[in-house]
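Trainee: I am new to this structure and would like to understand the terms applied to it. May I put some questions to you?

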Amino acid sequence: MTRHPWAIQPLKVPPGSEVDFGVEIDNVDLEHLTDDEFTTIRDVLYHQHIVVFKNQQNLSPRAQYELTKRFDPDTDNYGHKSTTKYFRGLPCQPQVMLKGNGFLESYRGLENVTLRHPNHRQFHRDHLPEEKDLSWTRFYRWHIDAALYDSYPPKVTTLMAVQLPQGPPQTIQYDDGSGETLEASLAPTAFISGQKMFELLSAEDQEFVKTSRVEYAPHPYKWISKARALPTGLGLYTEGRELPDTELPPIDLSKIQILPMPWQNPVTGKLSLQIHPSCVRKIHRADGSVIDDLAQVRDIVYRLQRPAISPQHVYAHDWAEGDMILFNNQGVLHTVVGTLRPDQLRVFRQCNLAASEPPQGP
């Protein structure tokens with residue numbers, strides 16, 4: 001089989017952008033990836049955090065799963081252990097999830113599926129004006145792909161565009177008093193670098209981060225199911241809406257996750273500030289003390305993370321059908337973006353696997 005040279009180039013970003021991560025690679029046969037080619041991809045990923053593979057329309061779910069698994073051969077479970085109203089596992093490859101928006105008659109063994117694109121109206125406390133709902137939008141929820149209870153955060157995620165809706169671009173509103181906005185295509189996926197997030201901190205904050213750990217709530221997504229998000233999508237308001245432990249499923253204290261604030265890159269050794277802002281419950285200090293006032297915990301995390309989501313640091317990927325993004329889930333945060341009508345069909349495949357080991361701190 002003839003192998004064509006790979007074309008590797010930086011991601012396309014708008015003028016004024018300070019995004020310094022991510023590459024695009026064309027001519028990659030992911031269906032028949034050799035060990036040497038995987039080694040190259042792994043090295044590129046951990047230096048760049050995001051790799052966009054173009055023209056992968058014919059990639060099988062099996063090959064997508066196998067690429068994901070090669071980063072962590074000792075695991076085989078989907079990162080959240082269960083599906084949600086937004087994800088459906090493919091019968092032919094259960095670790096690969098179908099997600100998107102609109103009604104789909106049939107796709108690889110799934111029949112009559114209605115996909116739901118998360119919208120800020122479902123999660124944010126304050127909403128955009130209805131008359132602006134299709135021209136303006138918000139970051140839905142900045143996050144790391146992770147269950148954050150019982151299972152360790154996946155090392156990587158693969159996300160592929162099968163079918164895309166057509167429509168005009170939208171303006172992402174921050175609505176936090178900063179006046180910041182970001183122009184984006186219809187329903188992009190937005191990424192920020194955890195490494196840049198760490199580098200933007202003062203020396204004092206970097207030391208605080210390096211010596212502190214975050215504790216996540218048990219069953220965190222049920223815990224926050226009635227809470228409401230800030231307009232930036234970076235964390236939650238503290239209004240007493242979190243479910244008490246008595247209303248959660250049975251809690252096994254050994255499954256509660258207490259993780260470093262910064263995670264170390266396995267190739268470069270550099271640190272990325274990797275905190276899921278919506279699910280964090282406590283901060284453990286180096287001196288053994290614990291910050292357990294939820295409002296204070298969220299204020300601290302927001303202050304540390306907010307500079308890195310300013311528009312110049314955000315990469316909002318303008319999807320083309322057949323794009324597949326491989327991203328370092330232990331080095332970036334991301335969010336779905338965009339407001340779609342029910343008749344705008346958006347079909348994606350996603351795969352990540354709960355890691356076989358915890359992320360490493362400093």
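Trainee: Where is Lys-132 found?

Mentor: In this predicted model, Lys-132 sits in the loop between β6 (110–115) and β7 (136–137).

Trainee: Why is Lys-132 called partly exposed?

Mentor: The relative accessibility of Lys-132 is 32%. Partly exposed is the class between buried, under 20%, and exposed, over 50%. The value for Lys-132 falls between these cut-offs, and therefore Lys-132 counts as partly exposed.

Trainee: How far apart are Lys-132 and Ser-17 in sequence and in space?

Mentor: They are separated by 115 residues in sequence and by 26 Å in space, C-alpha to C-alpha.

Trainee: Let us turn to a histidine. Is His-143 buried or exposed, and what makes it so?

Mentor: His-143 has a relative accessible area of 18%. The cut-off for buried is under 20%, so His-143 is buried. This residue lies in the loop between β7 and β8 (156–163).

Trainee: Which residues is His-143 in contact with, leaving aside its neighbours within four places in sequence?

Mentor: They are His-276, Leu-333, His-334 and Thr-335.

Trainee: What makes the pair His-143 and Asp-145 a polar contact?

Mentor: Their side chains are joined at 3.3 Å. A polar contact requires N or O atoms within 3.5 Å, one able to donate a hydrogen and the other to accept it. The distance meets that limit, and the pair is therefore a polar contact.

Trainee: Why is Asp-20 partly exposed?

Mentor: Asp-20 has a relative accessible area of 48%. Exposed begins over 50% and buried ends under 20%, so Asp-20 is partly exposed. Asp-20 lies in the loop between β1 (7–10) and β2 (23–26), and a polar contact of 3.3 Å joins its side chain to that of Lys-196. Asp-20 and Pro-10 are 10 residues apart in sequence and 8.7 Å apart in space, C-alpha to C-alpha.

Trainee: What does the side chain of Gln-206 reach?

Mentor: The side chain of Gln-206 reaches the backbone oxygen of Phe-198 at 3.1 Å. Gln-206 belongs to helix α4 (residues 203–210). Beyond residues up to four places away in sequence, Gln-206 touches Phe-198, Glu-199 and Leu-201.

Trainee: Which domains does the domain assignment give?

Mentor: The assignment gives domain 1 (8–195 + 311–352) and domain 2 (208–307). Their C-alpha centres lie 22 Å apart. The contact takes 40 residues from domain 1 and 44 residues from domain 2.

Trainee: What area do domain 1 and domain 2 bury between them?

Mentor: They bury about 3200 Å², with 57% of it on carbon and sulfur atoms. Arg-125, Leu-148 and Tyr-149 supply 25% of the area that domain 1 buries against domain 2, more than any other three residues.

Trainee: Why is the meeting of Arg-306 and Glu-180 called a salt bridge?

Mentor: Their side chains meet at 2.7 Å, N to O. A salt bridge needs a side-chain nitrogen of Lys or Arg within 4 Å of a carboxyl oxygen of Asp or Glu, so this pair qualifies. Across the interface of domain 1 and domain 2, the rule finds four salt bridges.

Trainee: How many residue pairs are in polar contact between domain 1 and domain 2?

Mentor: The count is 17 residue pairs. On the side of domain 1 that touches domain 2, α1 (35–48), α3 (194–199) and β20 (332–336) each supply at least two residues. The most comes from α1, with four residues. By class, that side has 15 nonpolar, 15 polar and 10 charged residues.

Methods
Residues numbered from 1 in each chain as written. Predicted model: local features only at pLDDT ≥ 70, side-chain atom pairs only at ≥ 80, totals over all residues. Heavy atoms only, no water. Domains from an automatic or database assignment. Contact = heavy atoms within 4.5 Å. Buried area = accessible area lost by both parts, 1.4 Å probe. Nonpolar A, V, L, I, M, F, W, Y, C, P; charged D, E, K, R; others polar. Buried < 20%, exposed > 50% of the residue type's maximum accessible area, 1.4 Å probe, protein only.
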